[in-house]
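Here are some exercises to work through with the structure in view. Try each task yourself before you read the solution.

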Amino acid sequence: MTPMQESYEKTAKTVISNLKKRQMEGYYCADKTAAVQKVFELMPQGASVAWGGSMTLSEAGIMDALESADYRLIDRAKAKTPEEQRAVYSEICGSDFFLMSTNAITLDGELVNIDGNGSRLAFLIFGPQNVIVVAGMNKLVKDIKSGYDRVKTVACPPNAVRLSRKTPCAVNGVCGDCYAPDCMCSQTVITRRSHIPNRIKVILVGESLGY
């Protein structure tokens, strides 16, 4: 184990302990291969599974692994009309598992997220029976303010470029605190605790994943 890996593991133990007091389950995986295995350990075969947009899930290999797994997948991308989208969101709301990442997680176990239309965060807050959050240790921050700053300076600019958004952060790489039609910062959610014990499960990964 390298000094960095040892440091990650020690820090993760602290975060997991703090997640527990907030009624959230926490796990630590040394790498993305172990993280994929943990995700599938938590989800019984045949369960209905949906997900929010996430570079972390893709980079970890979770999305590829889902394609050949024995789950009932609910893919919102297949909705082509407003009516179909409304139907699939209703289905996601009643799903067994919702997979996502988080924009930041504090040492004290709070999740910090900022979203555009808020669908990802709506399902984090309410609906699916279980929410599995996968986050690289690069998402770890000291406190909520640091988490907010991280989203604005580290996560949003590359995401805006990736999604071809017409926002100041996509053009300049710096948050302009905008109200542009393409603004991705409409909803800010701090998850202080899980109201339903252990509904939210957080898998920390000892690698840099996502933005």
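**Exercise 1.** Which residue in S10 stands opposite Gly136?

*Solution.* Before starting, note that this is a predicted model, in which local features need pLDDT of at least 70 and side-chain atom pairs count only at pLDDT 80 or more, while totals for chains, interfaces and linings use all residues. Residues are numbered from 1 along each chain as its sequence is written, and side-chain values use heavy atoms, leaving out hydrogens and water.

Step 1: find the elements, which are DSSP runs numbered from the N terminus (helices: H or I, at least four residues; strands: E, at least two). Strand S7 covers residues 130-136 and strand S10 covers residues 200-205.

Step 2: check the pairing, which requires that DSSP finds at least two bridges between two strands. S7 and S10 are joined in the parallel sense by 6 bridges.

Step 3: read off the partner. Gly136 stands opposite Val205.

**Exercise 2.** Find the order of the 6 strands in the parallel open sheet, and its edges.

*Solution.* Step 1: the order is S1-S10-S7-S4-S2-S3.

Step 2: S1 (25-29) and S3 (72-73) each have a single partner strand, so one side of each lacks a neighbour in the sheet.

Step 3: look at what packs on this sheet. Helix H2 (residues 32-42) touches S1, S4, S7 and S10. Its direction makes about 165° with that of S10, where axes are lines fitted to C-alpha atoms (for helices over the stretch in contact) and angles run from 0 to 180 degrees between N-to-C directions.

**Exercise 3.** Describe the surroundings of Met43.

*Solution.* Step 1: locate Met43 in the loop between H2 and strand S2 (48-51).

Step 2: decide whether it is buried. Buried means under 20% relative accessible area, exposed over 50%, and partly exposed in between, using a 1.4 Å probe and protein chains only. Met43 has 1%, so it is buried.

Step 3: list contacts, meaning heavy atoms within 4.5 Å. Beyond its neighbours within four places in sequence, Met43 touches residues including Val49, Leu66, Phe97 and Ile132.

**Exercise 4.** How many strands are in the mixed open sheet, and which helix lies across S5, S6, S8 and S9?

*Solution.* Step 1: there are 4 strands, ordered S8-S5-S6-S9.

Step 2: S6 (residues 111-115) and S9 run antiparallel, joined by 5 bridges. Here Asp115 stands opposite Gln187 in S9.

Step 3: the helix is H7 (residues 144-162), running at about 35° to S6.
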